Structures are given as structure tokens and as C-alpha cells.
Amino acid sequence: MEKKGKNTSQKKNLAKMQTVKLNDCRVVVLKLVDELLDATSMMSNSPSIKEQWSIHLVIVNLLSKINQLEAEFDLKPLSQRNDQSIEKLTKWATKNGAILNGVEIHQFENNEYGMKATKNIAVGDTLVTVPRTLMMTEESIPSSPLWKLHSQDMMLRNMPNVALAIFILVESLRKDKKSFWHSYLTSLPVTYSTPVYFNVADLEALKGSPAFEAALKLNRNIARQYAYFKKLFQIQYLDINAYILTFWDE
């Protein structure tokens with residue numbers, strides 16, 4: 001009995017230490033987020049490419065520090081993209097009205113998924129039909145816990161792409177894992193081949209091309225949006241995860 005009590009006490013102390021550590025991480029992350037918000041907003045009226053690149057390096061450094069600290073939260077991506085998740089996606093889609101006519105989702109030699117023909121296809125054939133009920137749009141938000149914040153925050157109302165990105169977070173973090181979109185969310189890629197996922201060397205390789213300045217602007221805007229919403233959630237519900245999960249506990 002004494003040994004059992006000692007183990008229980010040790011577990012409680014360990015859990016308490018972990019909680020303190022996570023809280024300390026959140027405090028540091030918020031300080032870095034403030035710096036990130038400043039960094040993404042300190043551009044001059046007509047910035048040179050050199051100035052934009054310099055600010056980008058500051059942003060990358062801050063995001064790297066934030067990523068390292070948030071690794072302590074042990075947040076794992078919902079996506080489990082493989083043949084099993086793709087099969088579940090297909091079953092979910094067809095069950096809810098989607099029609100695949102002579103095509104199927106297939107993993108090709110480069111490990112990328114795409115559509116593969118299963119029969120001869122004539123010009124004018126309809127290959128895929130997706131009902132509106134399967135489309136994740138702004139119309140999906142009113143039935144979500146995000147609706148209250150969406151109706152109050154101007155950025156969410158004016159930027160549907162941002163609203164939908166946060167909507168995905170809300171659905172992904174449901175404790176009961178019974179989101180209507182679960183089969184879709186688990187089939188999403190973990191990374192994408194867009195400039196947001198480029199490392200410094202990859203992005204620097206774009207120097208001299210018209211895409212370079214556009215890529216810098218895209219990265220800067222997304223970093224600013226992240227910082228804005230991180231602060232917004234933190235102010236209201238300690239952090240984004242607590243905010244989302246609070247609703248699913250109601």
C-alpha cells in the first residue's frame with residue numbers, strides 16, 4: 001500500500017511539473033508571438049527586396065523558436081494519409097452523395113495521390129460529382145462553435161480562407177472524433193509544395209524571379225494572421241486548444 005501511494009504521489013508531482021512547464025512555454029510563446037506581430041508589421045511604405053528578405057529571416061527565426069516550444073504541447077496532426085484513410089474518404093463521400101464515374105483515387109509511383117481511370121472515358125463524360133453538402137464553405141461555419149467568434153471578429157468575416165482554416169482546426173480538435181468531416185480531414189496532406197513550406201534555401205533560390213517578392217509577401221501575411229489569432233485566442237481562452245475544446249465539452 002505504501003509503495004502504491006508513493007507511485008501515485010510521484011505521478012501527481014510529475015503531472016504538476018509538466019503543467020508548470022507547459023504554462024511556462026505558453027508564456028514564452030506569447031512573448032515571441034508579440035515579437036512576430038511586430039516583425040510582420042514593421043515594413044516601410046515602399047520596401048525594397050533586401051528589406052523584405054531581412055524581415056523574412058527575422059520571421060523565420062521567431063517561427064522556428066515558437067515551433068520548438070510548441071513541440072512541448074505534443075500536438076499531433078490529425079492527418080494519417082494512407083491507403084486506409086483514402087478508402088474511408090471514398091466511402092464517406094459516396095455515402096453522402098458523391099459519384100465517381102470511371103475513376104478512383106490512386107497512389108502513384110511518386111507517392112502522390114490522384115485520380116486514375118478505371119474504364120475508357122469519352123469526351124464530355126462527367127467523372128466526379130460532389131454535392132454541396134460535402135463542400136466545406138463559409139456556409140459550414142454557422143453550425144460550428146466558431147460561429148460566435150466569426151460573427152464578432154472582422155478579420156474572420158472578411159477573410160473566408162482564414163475562417164475556413166480555423167474551422168478545420170475546430171473540427172480536427174473535437175474530443176469525440178465524430179466530426180462530419182473526419183474522414184476528409186484525416187486524408188489531407190501533412191505538408192504542401194507551396195512557398196509557405198519552403199525553407200530559407202529554397203526560398204532564396206527564387207531570388208531574381210517574379211515569384212520571389214510574392215512568396216515573401218505570402219509568408220509574411222500568413223505569419224501575421226497566425227500571430228493575430230494566437231493572441232486573440234490566448235486573450236479569451238488561454239490558448240487556441242483550450243478555446244476549441246471548451247466548446248466540445250459543453
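This is a predicted model: local features need pLDDT of at least 70, side-chain atom pairs count only at pLDDT 80 or more; totals for chains, interfaces and linings use all residues.
Student: How many helices and strands does the protein chain have?

Tutor: Helices (H or I, at least four residues) and strands (E, at least two) are DSSP runs, numbered from the N terminus. Going along from that end, the elements read α-α-α-β-β-β-β-α-α-α-α-α-α-α. That comes to 10 helices and four strands.

Student: What percentage of the residues are buried?

Tutor: Buried means under 20% relative accessible area, exposed over 50%, and partly exposed in between (1.4 Å probe, protein chains only). The protein chain has 250 residues, and the share that counts as buried is 29%.

Student: And what share of the accessible surface belongs to carbon and sulfur atoms?

Tutor: Accessible areas come from the Shrake-Rupley method with a 1.4 Å probe, and for residues only the protein chains shown count as cover. The protein chain's total is about 16,400 Å², and the carbon and sulfur part is 56%.

Student: Which residues touch the most other members of the largest nonpolar core?

Tutor: A nonpolar core is a set of buried Ala, Val, Leu, Ile, Met, Phe, Trp, Tyr and Cys residues joined through side-chain atoms within 4.5 Å. The largest one has 21 residues, and those touching the most other members are Leu146, Leu156, Ile166 and Phe229.

Student: Which element gives the largest share of this core?

Tutor: Helix H3 (83-95), H6 and helix H9 (210-237) are the elements that give two or more residues to it. The largest share is five residues, and it comes from H6.

Student: Which residues does Leu156 contact, leaving aside neighbours within four places in sequence?

Tutor: Contact means heavy atoms within 4.5 Å. With those neighbours set aside, the partners of Leu156 are Leu146, Leu149, His150, Val162, Ala163, Ile166 and Phe229.

Student: Which residues of H2 are buried?

Tutor: Helix H2 (residues 49-70) has 22 residues and reaches 31 Å between its end C-alpha atoms, close to the expected 32 Å. The buried ones in H2 are Gln52, Trp53, Ile55, His56, Ile59, Leu62 and Ile66.

Student: Is Arg220 buried or exposed?

Tutor: You'll find Arg220 in helix H9. Not counting residues up to four places away in sequence, Arg220 touches Thr40, Met43, Gln52 and Ile59. Its relative accessibility is 11%, so Arg220 counts as buried.

Student: How about Gln84, buried or exposed?

Tutor: Gln84 is in helix H3. The relative accessibility of Gln84 is 52%, so it counts as exposed.

Student: How many bridges join E2 to E3?

Tutor: Two strands pair if DSSP finds at least two bridges between them. Strand E2 (residues 103-107) and strand E3 (residues 113-117) run antiparallel, and the number of bridges joining them is five.

Student: Which residue in the turn of that hairpin has a positive phi?

Tutor: Val103 stands opposite Ala117, and Gln107 stands opposite Tyr113. E2 and E3 form a hairpin with five residues between them, and the turn residue with a positive phi, about 70 degrees, is Asn111.

Conventions: Residues are numbered from 1 along each chain as its sequence is written. Side-chain values use heavy atoms; hydrogens and water are left out. The expected span of a helix is 1.5 Å times one less than its number of residues.
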